[in-house]
Each structure stands twice: as C-alpha cells, then as structure tokens.
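Dear colleague,

Please find below the structure that I am handing over to you, together with its sequence. My notes on what was found in it follow directly after.

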Amino acid sequence: MTPSGAVRNIVRAARGASALVLVLALSLVGGCYGFSGGGGLPKQLKTVAIEPFDNQTAVPELQREVFEQLRAALRERLNLREAPAARADVVVRGTLVKYDVDLPAGASADGRQTTSTRRRLIIVLDVEIIDQTTGRTLLSKKGLQREGQYAEGGEVAGRKNALESLISDLVEGVQSQW
C-alpha cells in the first residue's frame, strides 16, 4: 500500500469514528431533552364557569353566541371542563358593551353593473377571567373591540368572524400568562 492510500484509509476511519461518536452523543443528549406543553394553564386548573355576560346591546342573541363560542374555545384550546361557578377553578365574566352594525365598509359602482356594498360591524366587550383557586386575575380587558366585515345581508357571518377574533384574543391572552 502506498503512503497516500494509507492516509486515505486513516481519514476514512476517522470520519466514520467521528460520525459514530456524534450519533452516540446526540442520542444520549436527546434522551434528556423534550418538549412540554406550554401556553396552557397550570395543570391544577381543570374546570371553568362562564357566567352570562351582561348585555348592554340591543341584540339579545349576542349573549348566547358569545357564551357558546367562549365555551367551545375554552374546552378545545385550554382543555377546561364546565362546572358550576361555586366549584369551578376558573370563572369568566364580562359585559357586552357595544354592538354597532350596518356601518359602511366600502362600495363600488360601475355603470355596467349594479352597486356592490360591503358592510361592517363592531363588537366591544369587557371581560375578566379569574383563577378561583388563588384569587388571581388571569386576564382583565376593558373595551376589547373587534370588527367584522360582511356582504350586504350577511350580518350573521360578520358577527361570527368578529366573535371568533375576540375569543381567540381572550384565549391567547390567558395562555400568554403561562
């Protein structure tokens, strides 16, 4: 064997050994590392009571829609089960402050076509989420406002979008505490 062939064999063996050492080191370190579920609530918080929001708007169904969307989001995203307020770990209360609907969002007119109009609505609420086990306020927001846009005659869809955005902000606000 020539000297250059011997050097190549040594280099190949060193690379193989280095790769083996690297794989072993990563597997040992990897066994000590893991992900834990972050962004949720502490494990001791398992139940929630959502008190009916005071409704200062002229839309009675808004109270029910907020309740249903909030209940679904807390169950699905924070893994909380419903319980009576006296036994719940977390209590949610709030006020529906404002609901403005049928506000112009934009219009376009073309001489060859009919006018197409977009409308918008605004929902404003105050909310407080309390950890009853410690008395700590997890989230307190006043004047939380979202807008929903919709095609003329589609107020329900615009309201649903605005509520989804509000509820998502509330859940993310609670999650950000942990």
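Glu 65 forms a salt bridge with Arg 159, with the closest N and O atoms 2.6 Å apart; a salt bridge here is a side-chain nitrogen of Lys or Arg within 4 Å of a carboxyl oxygen of Asp or Glu. Glu 65 lies in helix α2 and Arg 159 in helix α3 (residues 155-175), so the pair ties together parts that are 94 residues apart in sequence. Helices (H or I, at least four residues) and strands (E, at least two) are DSSP runs, numbered from the N terminus.

Before I continue, a word on the basis of these values. This is a predicted model, in which local features need pLDDT of at least 70 and side-chain atom pairs count only at pLDDT 80 or more, while totals for chains, interfaces and linings use all residues. Residues are numbered from 1 along each chain as its sequence is written, and side-chain values use heavy atoms, with hydrogens and water left out.

Buried means under 20% relative accessible area, exposed over 50%, and partly exposed in between (1.4 Å probe, protein chains only).

The side chains of Glu 65 and Arg 159 are also joined by a polar contact of 2.6 Å. A polar contact is a pair of N or O atoms within 3.5 Å; within protein, one must be able to donate a hydrogen and the other to accept it, and residues adjacent in sequence count only if both atoms are side-chain atoms. Leaving aside residues up to four places away in sequence, Glu 65 touches Arg 159 and Leu 163, where contact means heavy atoms within 4.5 Å.

**Other salt bridges**

The count comes to 14 salt bridges by this rule. One of them joins the side chains of Glu 68 and Arg 64 (3.4 Å, N to O). Both residues lie in helix α2, 4 residues apart, about one turn of the helix. Glu 68 is partly exposed, with a relative accessible area of 36%, and Arg 64 is partly exposed at 44%. Another salt bridge is formed by the side chains of Arg 75 and Glu 76 (4.0 Å, N to O). Here Arg 75 is partly exposed at 42% relative accessible area, whereas Glu 76 is exposed at 61%.

**Helix α2 and the residue after it**

Helix α2 covers residues 61-78. It has 18 residues and reaches 25 Å from its first C-alpha to its last, close to the 26 Å expected at 1.5 Å a residue; the expected span is 1.5 Å times one less than the number of residues. The buried residues of α2 are Leu 62, Glu 65, Val 66, Leu 70, Ala 73, Leu 74 and Leu 78. Seen down the axis of α2, they fall within an arc of 150°, so they line one face of the helix. The arc is that of the directions from the helix axis to the C-beta atoms.

Most residues other than glycine have a negative phi. Asn 79 lies in the loop between α2 and β3 (81-82) and is exposed, with a relative accessible area of 63%. Asp 102 also has a positive phi, near 65°. Asp 102 is placed in strand β4 (residues 90-110) and counts as partly exposed at 43% relative accessibility.

**Strand β1 and the chain as a whole**

Strand β1 (residues 47-50) is covered on both faces: Thr 47 and Ala 49 on one side, and Val 48 and Ile 50 on the other, are all buried. Strands β1 and β3 run parallel and are joined by 2 bridges; two strands pair if DSSP finds at least two bridges between them. Val 48 stands opposite Glu 82 in β3.

The protein chain has 3 helices and 6 strands, in the pattern α-β-β-α-β-β-β-β-α along the sequence. Of its 178 residues, 31% count as buried. Among contacts between residues at least 6 apart in sequence, 68% join residues at least 24 apart.

With kind regards
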